[in-house]
Amino acid sequence: MSTIDTDTARKVAKLARIAVPEDHLPALAGELSRILTFMEQLNEVDVEGVEPMTSVTPMRLKRRDDAVTDGGMPERVLSNAPDAREGFFAVPKVVE
Amino acid sequence: MSTSNSLTPNSLTIAAARDALRARELSAVELTEACLHAIDAAGALNAFVHHTPEIALERARAADARLAAGDAPAMCGIPIGIKDLFCTEGVPSQAASRILTGFRPEYESTITAQLRDAGAVMLGKLNMDEFAMGSSNETSVYGDVVNPWKIDDRKLTPGGSSGGSAAAVAADLCLGATGTDTGGSIRQPAAFTGTVGIKPTYGRCSRWGVVAFASSLDQAGPMTRTVRDAAIMLEAMCGHDPKDSTSADLPVPDFEAMLEGDIRGTRIGIPAEYRMDGMPDEIEALWTRGAEMLRDAGAEIVEISLPHTKYALPAYYVIAPAEASSNLARYDGVRYGHRAALEAGDGITEMYEKTRAEGFGAEVQRRVMIGTYVLSAGFYDAYYNRARKVRTLIKRDFDQVFAAGVDAILTPTTPSAAFGLGAMAEADPVQMYLNDVFTVTVNLAGLPGISVPAGLDRQGLPLGLQLIGQPWGEGALLKTAHALEAAAGFVSKPARWW
C-alpha cells in the first residue's frame with residue numbers, strides 16, 4: 001500500500017500551483033494515498049514487452065503548411081483577461 | 001411511474017418535430033417557446049444555468065425562414081441545450097467551474113457551430129460536474145442538478161458529468177442536448193434518466209472549442225429521447241475539423257438511414273468479466289433480458305472474454321488525472337476567468353496558487369494533484385507509463401474480440417440505478433469512481449458506446465444497457481441499439497413534480 005505523507009502532499013500541491021492550508025495537508029495526504037492504493041492494482045498486470053499507448057486510433061496526424069492563418073485581433077484575445085493594459089496581459093511584478 | 005406530462009411540442013422527439021416543422025404544422029418559434037416555457041417552470045431541476053432566450057428566438061425565426069424556403073437540414077428549428085463545457089460565442093461557458101467565472105468566449109466550438117449552421121436552436125447552457133469530473137453532478141459551481149425521476153422524498157442524482165443534459169432531455173425541456181464523455185459522462189447519466197446517449201468513436205466529433213479534461217479520452221455526443229434522434233443529431237455533430245488534429249477525415253454516413261433493416265446475423269458478445277462481484281440481481285436480470293431481446297430479434301449471442309477489464313478503472317484514474325493536470329495548467333488567472341485578490345508583496349506564484357485554490361473545487365483539485373503526482377519525476381514510469389501499457393492491453397482485448405467476428409458487445413451501463421444526492425458525501429472518492437466501471441473501458445479503447453433505456457428497477461427507476469461497437473461503426477451500433485430499444489419498449493417518463 002502506498003502512502004503519501006504530509007511533506008509529499010505539500011510538495012504535490014506546490015507543483016500543482018494550488019495553495020493548500022497547512023491544516024488541510026494531513027487529510028489531503030490520506031485521500032491521495034487511498035487513490036494511489038486503488039491504482040496499485042495495475043502492478044498485478046504483466047506489461048512486459050507492451051508498448052505504452054500514444055494514440056488510440058491508428059491514424060497519422062495530418063500535416064499542414066506552417067503558415068499564419070489567423071490573427072490580428074488583440075482586443076478579442078484580451079477581452080476576457082482579468083487585467084489587460086495597453087494591449088498586454090498584466091501580471092504582478094515578476095522581476096524585482 | 002407513468003406519463004402525466006401533457007403532449008406539448010417540447011415533448012416531441014427530434015424526428016417527429018422535424019417532420020412537423022417541414023410539414024409546416026408547427027413553427028420553430030412555437031416549438032422554441034414551448035421549450036422556453038418548460039425551462040422557466042423547471043428551475044427546481046437546476047439543469048439550465050445560462051439562459052439564452054433571445055438567441056433561441058432569433059435562431060427559431062431564422063429556422064422558420066429556412067423551412068419556408070425549403071432549405072431545412074434535419075436539425076433545422078430543433079431546440080437543444082448545450083453542455084456548459086462547449087464554448088459558445090458571447091455566452092458564458094465556464095465548465096461549471098468558479099475559475100471560469102465571467103468567461104465569454106470570442107469563438108464558437110466546432111460542434112455547436114455545426115449545429116447552429118444546421119439550424120438548431122440553442123436554448124441555453126446546461127449544468128454539469130466541474131470540468132466534467134464527477135458521476136453525480138454534485139461538483140458543479142452552480143449546485144446539484146436534480147433528476148426528474150423521483151420515487152420518494154429524496155432528490156436523486158441525474159448522474160454525471162452530463163447531468164444537466166440528461167435531466168433536461170428527460171424532463172422535456174429540450175429535444176436533445178450535447179454531452180461529453182471521458183469515462184462514461186454521456187452514458188451513465190442517460191441510464192439514470194431513461195434517455196439515450198451515444199459516445200462516438202474517438203475522433204468522430206471535433207474537440208475544438210470544447211473545454212479539455214483528458215484529451216486522449218474526451219469525446220462529445222448527443223443525448224436524446226430515442227435512438228433515431230441520436231442518429232439524427234449525431235450526424236449533425238460529426239465530421240472532419242482541421243482545427244482538431246485528432247479529428248478523423250472520414251465521410252459521415254447517413255446514420256438515420258442505417259437504422260432500417262433487421263439485425264439478423266449480428267453477433268453480440270457478452271463479456272464474462274463484466275459480471276462483477278456484488279452486482280445487484282436486477283442489473284444482472286436486465287442484462288440477461290437484453291441479450292434475450294437481441295436474440296429474439298435475430299442476433300447471435302456469444303460469450304466473450306475481455307481479460308483486462310478489471311484494470312480499466314485504475315488505468316483510467318491514472319491517465320485521466322494526468323492529462324487533466326496538464327490541460328488545467330492553463331487556468332492561471334492571467335488570460336481569462338477568475339484571479340484571486342492579492343496581498344501586498346504577493347508575486348506571480350502566489351497569484352497562481354491562490355487563484356487555483358479559490359477557482360477549483362475539491363474534486364478538481366484532487367485530480368489535478370493526483371495527475372501531478374503520477375507525472376512527477378520518479379513516479380512517471382511506475383504509474384503513468386504502466387497505465388498506458390495497460391491501456392494498450394485493454395484495447396487489444398477488444399481488437400481480438402472484433403477480429404473473431406463479434407459485431408457489438410452488450411453490458412449494463414451502470415452498476416446501479418440513480419442514487420440520492422448527498423448519498424455518497426461521506427464515501428471514499430474511489431467509491432464514486434466505481435460508477436464508471438462498465439463505461440471507462442470504451443473510452444480507453446476509443447470505441448463507440450451507447451446507452452439505451454431498457455427497463456425500470458423495483459423502485460421504478462430507469463436502468464440502461466450499453467452496446468459497444470467497432471471503431472467507426474456508429475451506424476451499425478445505432479441499428480442494433482434501435483432493435484434493442486424497440487424490443488425493450490421503454491416508454492416511461494418521469495411524473496412531473498417540479
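Why does B:Phe131 count as buried? The reason is that B:Phe131 has 31 C-beta neighbours inside 10 Å; a residue is buried if 20 or more other C-beta atoms lie within 10 Å of its own, exposed if 12 or fewer, and partly exposed in between, with C-beta atoms placed from the backbone. The structure is a predicted model, in which local features need pLDDT of at least 70 and side-chain atom pairs count only at pLDDT 80 or more, while totals for chains, interfaces and linings use all residues. Residues are numbered from 1 along each chain as its sequence is written, and chains are lettered from A and ligands numbered from 1 in the order in which they are written. Helices (H or I, at least four residues) and strands (E, at least two) are DSSP runs, numbered from the N terminus.

**The contact between the chains**

- Chain A contributes 37 residues to the contact and chain B contributes 57 residues; two residues are in contact if their C-beta atoms, placed from the backbone, lie within 7 Å.
- On the side of chain A that touches chain B, helix H1 (6–15) and helix H2 (25–39) of chain A each supply at least two residues.
- H2(A) gives the largest share of that side, six residues.
- By residue type, the side of chain A that touches chain B has 26 nonpolar, four polar and seven charged residues. Here Ala, Val, Leu, Ile, Met, Phe, Trp, Tyr, Cys and Pro count as nonpolar, Asp, Glu, Lys and Arg as charged, and the others, Gly among them, as polar.
- A:Met59, in the loop between H2 and helix H3 (74–78) of chain A, touches B:Gly203 and B:Ala248, not counting residues up to four places away in sequence.
- A:Met59 counts as partly exposed because it has 15 C-beta neighbours inside 10 Å.

**The sheet of chain B**

- In chain B, 11 strands form an open sheet of mixed pairing, in the order E1-E3-E2-E4-E6-E5-E10-E11-E9-E7-E8; two strands pair if DSSP finds at least two bridges between them.
- Strand E1 (48–51) and strand E8 (300–304) of chain B stand at the edges with a single partner strand each, so one side of each has no neighbour in the sheet.
- On average, neighbouring strands of this sheet are turned by 30° against each other, direction ignored. Axes are lines fitted to C-alpha atoms, for helices over the stretch in contact, and angles run from 0 to 180 degrees between N-to-C directions.
- Six bridges pair strand E4 (residues 176–181) with strand E6 (residues 219–224) of chain B in the antiparallel sense; B:Thr178 has B:Pro222 as its bridge partner in E6(B), and B:Asp181 stands opposite B:Gln219.
- Strand E5 (residues 196–199) of chain B also runs antiparallel to E6(B), joined by two bridges, and B:Gly197 has B:Met223 as its bridge partner.
- E6(B) is mostly covered, with six of its six residues buried.

**Helices and the nonpolar core**

- Helix H3 (residues 53–69) of chain B lies across E1, strand E2 (79–83) and E3 of chain B, at about 155° to E3(B).
- In helix H1 (residues 14–22) of chain B, the residues B:Ile14, B:Ala17, B:Arg18 and B:Leu21 are buried. They lie on the same side of H1(B), because they cover an arc of only 100° around the axis; the arc is that of the directions from the helix axis to the C-beta atoms.
- The cover over the buried residues of H1(B) includes helix H2 (28–40), H3, E4, E6 and helix H7 (227–237) of chain B.
- The largest nonpolar core has 167 residues, and B:Ala168 and B:Leu173 are among those with the most contacts inside it. Such a core is a set of buried Ala, Val, Leu, Ile, Met, Phe, Trp, Tyr and Cys residues joined through C-beta atoms within 7 Å.
- Helix H9 (residues 312–327) of chain B supplies the largest share of this core, 10 residues.
- Not counting residues up to four places away in sequence, the residues that B:Ala168 touches include B:Phe48, B:Leu126 and B:Leu173.

**Backbone features of chain B**

- B:Phe131, in the loop between E3 and H5 of chain B, has a positive phi near 55° and is not a glycine.
- The loop between strand E3 (121–126) and helix H5 (163–170) of chain B also holds B:Ser161, and the peptide bond from B:Gly160 to B:Ser161 is cis, with omega near 5°.
- B:Trp472, in the loop between strand E11 (462–469) and helix H15 (474–488) of chain B, has a positive phi near 65°. B:Trp472 counts as partly exposed because it has 18 C-beta neighbours inside 10 Å.
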